[in-house]
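Student: Could we go through this model together, with questions on its core, its pocket and a few single residues?

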Amino acid sequence: MWSVAIYYVVLLITVAVAVRRGGPFERWAAYTALIASVLTTVVTPFPTWTNIEVNIFIIDVLVLLSFWFIALRTRSFWPYWITGWQLIAIFGHIQKLMFVEILARPYSLLSVYISYPILLLIIYASGSSGRRKEIAA
């Protein structure tokens, strides 16, 4: 239970930093993470991870599309990183679909912990957003 609370604290910090310091794409990425996390919690509050979690997979695909759209619209490099990390989460779902013998714990850890580098990079990009504006001016 503490891991969920810690995740939501990091998520809310990410959204707050993106709103306060980030540009439109940083805010978009933070809001995507927030909406996806809340949807995942609402749609699948207690996932078993013994089979592919279809609801989480669908949400992850939508997040991938959102991050990919950000990557196509900006000149920054950070969206490619978050898109790549999200793609790793997608491949985790696909592997669980292909290989049922994958244990629940590794499957859940891959799906959950891949979010942290994404959130930390959004925080970094949001903090760097102001510096990019200063350089352009």
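The questions and answers below concern a predicted model.

Student: Which residues touch the most other members of the largest nonpolar core?
Tutor: The model is predicted, and its largest nonpolar core has 15 residues. At least two residues of this core come from each of α1 (2-21), α2 (24-43), α3 (54-73), α4 (78-98) and α6 (115-136). The members that touch the most others are Ala-29, Phe-67, Trp-78, Ile-82 and Ile-122.

Student: Which residues does Ile-82 touch, not counting those up to four places away in sequence?
Tutor: Ile-82 belongs to the group of core residues that touch the most other members, and Ala-29 and Phe-67 belong to that group too. With residues up to four places away in sequence set aside, Ile-82 touches Ala-29, Phe-67, Ile-118 and Leu-121.

Student: Is Thr-83 buried or exposed?
Tutor: Thr-83 is found in helix α4, and, with neighbours within four places in sequence left aside, Thr-83 is in contact with Leu-64, Phe-67, Trp-68 and Ala-71. Its relative accessible area is 12%, and the cut-off for a buried residue is under 20%. Thr-83 is therefore buried.

Student: And is Leu-97 buried or exposed?
Tutor: Leu-97 is likewise found in helix α4, and its C-alpha atom is separated by 28 Å from that of Ala-71, a residue 26 places apart from Leu-97 along the chain. The relative accessible area of Leu-97 is 55%, and a residue counts as exposed over 50%. Leu-97 is therefore exposed.

Student: How far apart in space are Ala-89 and Tyr-107, C-alpha to C-alpha?
Tutor: Ala-89 lies in helix α4 and is buried, with a relative accessible area of 1%. Leaving aside neighbours within four places in sequence, Ala-89 is in contact with Asp-60 and Ile-114. Tyr-107 is one of the buried residues of helix α5. Ala-89 and Tyr-107 are 18 residues apart in sequence, and their C-alpha to C-alpha distance is 9.4 Å.

Student: What arc do the buried residues of α5 cover around the axis?
Tutor: Helix α5 (residues 104-113) has Tyr-107, Ser-108 and Ser-111 as its buried residues. An α-helix has 3.6 residues a turn, so residues three or four places apart point the same way.

Student: Which element gives the most residues to the lining of the largest pocket?
Tutor: The largest pocket has a volume of about 920 Å³, and 33 residues line it, of which Val-4, Tyr-7, Thr-40, Trp-49 and Val-112 are the closest to its centre. By class, this lining comprises 22 nonpolar, 9 polar and 2 charged residues. The elements that give two or more residues to the lining are α1, α2, α3, α4, α5 and α6. The element that gives the most, with 6 residues, is α5.

Student: What is the phi of Trp-49?
Tutor: Trp-49 lies in the loop between α2 and α3 and is buried, with a relative accessible area of 11%. Trp-49 is a residue other than glycine, and its phi has a positive value, near 65°.

Notes: Residues numbered from 1 in each chain as written. Predicted model: local features only at pLDDT ≥ 70, side-chain atom pairs only at ≥ 80, totals over all residues. Heavy atoms only, no water. Core = buried A, V, L, I, M, F, W, Y, C linked by side-chain atoms within 4.5 Å. Buried < 20%, exposed > 50% of the residue type's maximum accessible area, 1.4 Å probe, protein only. Helix = DSSP H or I, 4+ residues; strand = E, 2+ residues; numbered from the N terminus. Contact = heavy atoms within 4.5 Å. 1 Å grid on protein atoms, 1.4 Å probe; cavity = no way out; pocket = protein on both sides within 12 Å on 5 of 7 lines; lining within 4 Å. Points joined across faces, edges and corners; volume = space filled by probe spheres on them. Nonpolar A, V, L, I, M, F, W, Y, C, P; charged D, E, K, R; others polar.
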